[in-house]
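Reader: Could we go through this structure together? I would like to take it topic by topic.

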Amino acid sequence: MVAVIEKISKAEAVKQQSRHLRGHIARDLADTATPFDGEGYSILKFHGIYQGYDRDSATELKQAGESKHYQFMVRVRIPGGRLTADQYLALDKIAGAYADGSLRVTTRQSIQFHGVVKSGLQAAMGEINAGLMTTLAACGDVVRTVTTSPAPVRNKVYDRLEADARLLGTALLPQTGAYREIWVDGEKWNEDQGTPESTDPLYGERYLPRKFKIGIAVPEDNTIDVLTNDLGIVALWEGAKGAERLVGYNFFLGGGHGATHNKPETYPRMASAVCFVEPEDLVAAAKAVVRLHRDWGDRANRRHARLKYVIAERGEEWARERLSEDLGKTLEPVRPMARFQVPDHLGWHEQGDGRLYLGLPVSSGRIIDDARTKLRTALHEIVAEYGVDPILMPSQDIILSEIDPTDREAIDGKLRAYGVRFGSDMVPAERWALACPALPTCGLALTEAERVRDLLVAEIVERMARWGLEQERLSIRITGCPNGCARPYSGDIGIVGRIPGYYSIYVGGDFEGTRLNDVVAERIRLGEVADVLEPLFGVFAAKREAGEGFGDFCHRYGIARLREVVAEARDKPRAAAD
């Protein structure tokens, strides 16, 4: 049984007619002076590429009668964020040769390049693939990069998390010869001279209604915010340390942060508990969830096409029944599990095999040399000299793993010499802040995020310090639009672009990533965000319970009461002026 589709959107027709994701990309690549058309723009996403333009210069160029500066964002698919030293060095080379000189770590443990021009696109893609990496399905209406804990702890639990992320990442790739044909000079398929290429057995001819995200975690390490995924998988283990046994997986369905302002039918949602899956059924069950989205997702309205709306409207029990039918076995409800925790992987840690790993903070994930620090140079030299394997973190930071303890002092010294900050140099709010790229590269951005992150967080920390809260652990997530790429609707504080130059402020989520926050103030100027939050810090300092986090306090105290606190504080300056 599948949903009856009465009509499909234009995007669905483009996918259906794309010749298995080929479109006319190969033909249009040759014309380096002309941007891809609308159909090409849509199909490129499946290849990990977004076409955009420099929004900083767009108005000036338009007034001068000139065309926009079109450029591309290229995203690499890196399951679990694991890279070898050679792969990282290859990506670093691409950043300098074809992009804007930076590598950007995403919240989904990938690397993306900005500022790639059309004349260099083919070469950049070729070098990515020569490094035994791919951009296929890093974007588009398919299962994207599978995330998991970045910690390279050498034990059964973490080894299995990494292995499962790689397994799912491979098993859920779309089956098409288009990628190799276009970017790797593979043998061309020609349906006029032979058998037509088969339709993808998992995705079908129209692929998924929208993007699909998977993350896999354990209760003791929810650094990936597992419940924000379309499919959040929580591995359950039992037994003494060193003798653990994998019991199975709890499947949570229907998470997602995307929303649209003034469209109440769109909303963020945390994934909800649906079923328990035996260890041997992991891949089969994951494919069943993908098919559930494929067959029941809304193909007429892309704003209503994510799996979260299917689950919200049809229910968890309905989803468990559909998955049971698909697998041919009755699935149980989820099993009890421990509360989520979010450990800090920044700083020096033992791997458990005699080696060390070092987690380094990266502001907004941007690995670059600038006036403050030579982070890109430092990482390049350390990776090249010591052969360490980088791991990309869902916090937009980076881990250097497989470090010989005898090299610790030298690596420390090199990082300090290049002005690289360590997590221990920062207060917690700085360590746990996220920001999306926003302007000038994102076509959806309403206002700034990455470029104001450090200043905005510093202003918030200054207000916290007035109440003795500067060492309080809380998460701040900043996005330039409501689509939620930096997960602003979960965590302690969300700051979301509302209209150009203005933001909405959300509070009341929790640090462990199990609860959505709610809006406490809207249409706030950038320079007023910290001022709006300060009275909330005052109430928190005065009325918190022992050990209570900021988000938990806001949830307990009540969003309605906090809105009154904000409104009263904002009215005082007006009253004084009158």
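Reader: Before we start, what kind of model is this, and how are residues numbered?
Author: This is a predicted model, in which local features need pLDDT of at least 70, side-chain atom pairs count only at pLDDT 80 or more, and totals for chains, interfaces and linings use all residues. Residues are numbered from 1 along each chain as its sequence is written, and side-chain values use heavy atoms, with hydrogens and water left out.

Reader: Let us take cysteines. How many disulfides are there?
Author: Zero disulfides are found in a search of the whole structure, a disulfide being a pair of cysteine sulfur atoms within 2.5 Å. Cys 442, for instance, is in no disulfide, and the nearest cysteine sulfur, that of Cys 481, is 5.7 Å away.

Reader: And is Cys 554 buried or exposed?
Author: Cys 554 is buried, at 0% relative accessibility. Cys 442 counts as partly exposed, at 27%. Buried means under 20% relative accessible area, exposed over 50%, and partly exposed in between, with a 1.4 Å probe and protein chains only.

Reader: Turning to the backbone, which residues does the cis peptide bond join?
Author: The cis peptide bond joins Leu 439 and Pro 440, with omega about 10°. Pro 440 is found in the loop between strand E15 (434-435) and helix H15 (450-465). Helices (H or I, at least four residues) and strands (E, at least two) are DSSP runs, numbered from the N terminus.

Reader: Where does Asp 225 lie, then?
Author: Asp 225 lies in the loop between strand E6 (214-217) and strand E7 (231-238). Its phi is positive, near 55°, and Asp 225 is buried, with a relative accessible area of 3%.

Reader: What about Arg 523?
Author: Arg 523 is not a glycine either, yet has a positive phi of about 55°. Arg 523 is found in strand E19 (residues 518-525) and is partly exposed, at 42% relative accessibility.

Reader: Which element gives the largest share of the lining?
Author: H15 does, with eight residues.

Reader: Finally, what is Ser 475 in contact with?
Author: Leaving aside neighbours within four places in sequence, Ser 475 is in contact with Trp 432, Gly 491, Asp 492, Ile 493 and Phe 511, where contact means heavy atoms within 4.5 Å. Ser 475 sits in the loop between H15 and strand E16 (476-479) and is buried, with a relative accessible area of 2%.
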